[in-house]
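Good morning, everyone. I have one protein chain to go through today, and I will take it from the overall picture down to single residues.

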Amino acid sequence: MLKKKSAKNKNQSMRDIVKSIGNRFLEIQKIAEQRGIFLNHRELLECRCGLEEDITTDGKLIVCRKGAEGMDVGLRFPEPDKRGKSRCPGCGRMLKLRRINTP
Ligand SMILES: [Zn+2]
């Protein structure tokens with residue numbers, strides 16, 4: 001004879017499923033970041049010197065010069081800190097994201 005699961009057991013198993021999905025999502029996010037794929041978690045950086053971040057058609061984050069979008073110059077802006085600050089890899093100017101997306 002099968003026993004009905006108690007509400008407490010159902011909640012626990014649902015929590016386990018959600019936790020498992022969340023952990024898998026974090027693993028996938030980490031792999032994507034390692035492969036240079038931009039996850040749309042913030043706005044793109046740009047500097048007055050003409051360097052700006054761009055996204056390729058396959059989702060990779062690159063840095064190019066204004067007017068030459070899609071042409072990777074091989075430099076990368078450091079990931080902005082918690083206050084949204086980063087430094088331009090071309091001229092060294094400190095930059096700040098206009099808007100910070102919080103998870
Ligand atoms: Zn610059």
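What follows is a short walk through this model, starting with the whole chain.

First, please keep in mind that this is a predicted model. The chain has 103 residues, and 7% of them count as buried. Its secondary structure amounts to 1 helix and 4 strands. Read from the N terminus, the order of the elements is α-β-β-β-β. The radius of gyration is 21 Å, while the globule rule gives 13 Å for 103 residues, so the chain is more spread out than a compact globule. If you put a box around the C-alpha atoms along the principal axes, that box is roughly 75 × 30 × 15 Å.

Now the helix. α1 covers residues 7-34. How far does α1 reach from its first C-alpha to its last? The answer is 41 Å for its 28 residues, which is close to the 40 Å expected at 1.5 Å a residue. How many residues of α1 are buried? The count is 0, and the helix is hardly covered.

After α1 comes Gly36, which has a positive phi near 80°. Further on, in the loop between α1 and β1, we find Asn40. Asn40 is not a glycine, yet its phi is also a positive value, near 60°.

Next, the strands. Strand β1, residues 51-55, and strand β2, residues 61-65, run antiparallel and are joined by 5 bridges. To pick out some pairs, Glu53 has Val63 in β2 as its bridge partner, and Asp54 stands opposite Ile62. β1 and β2 make a hairpin, with 5 residues between them. In the turn of that hairpin sits Gly59, with a positive phi of about 85°.

Which residues make up the largest nonpolar core? There are 6 of them: Leu45, Cys47, Leu51, Val63, Phe77 and Cys88. The loop between β2 and β3, which is residues 85-87, holds Arg83. Arg83 has 9 other C-beta atoms within 10 Å and is exposed. Between Arg83 and Ile31 there are 52 residues of separation in sequence, and 25 Å in space, C-alpha to C-alpha.

Lys96 lies in strand β4, residues 94-96. With 12 other C-beta atoms within 10 Å, Lys96 is exposed. Leaving aside neighbours within four places in sequence, Lys96 is in contact with Gly84 and Lys85. The C-alpha atoms of Lys96 and Gly84 are 5.3 Å apart, although the two are 12 residues apart in sequence.

One last figure, for the whole chain. Among contacts with a separation of 6 or more, 31% are between residues 24 or more positions apart. That is the end of my walk through the model.

Notes: Residues numbered from 1 in each chain as written. Predicted model: local features only at pLDDT ≥ 70, side-chain atom pairs only at ≥ 80, totals over all residues. Helix = DSSP H or I, 4+ residues; strand = E, 2+ residues; numbered from the N terminus. Rg over C-alpha atoms; globule rule 2.2 N^0.38 Å. Buried ≥ 20, exposed ≤ 12 C-beta atoms within 10 Å, placed from the backbone. Contact = placed C-beta atoms within 7 Å. Pairing = 2+ DSSP bridges. Core = buried A, V, L, I, M, F, W, Y, C linked by C-beta atoms within 7 Å. Expected span 1.5 Å × (residues − 1).
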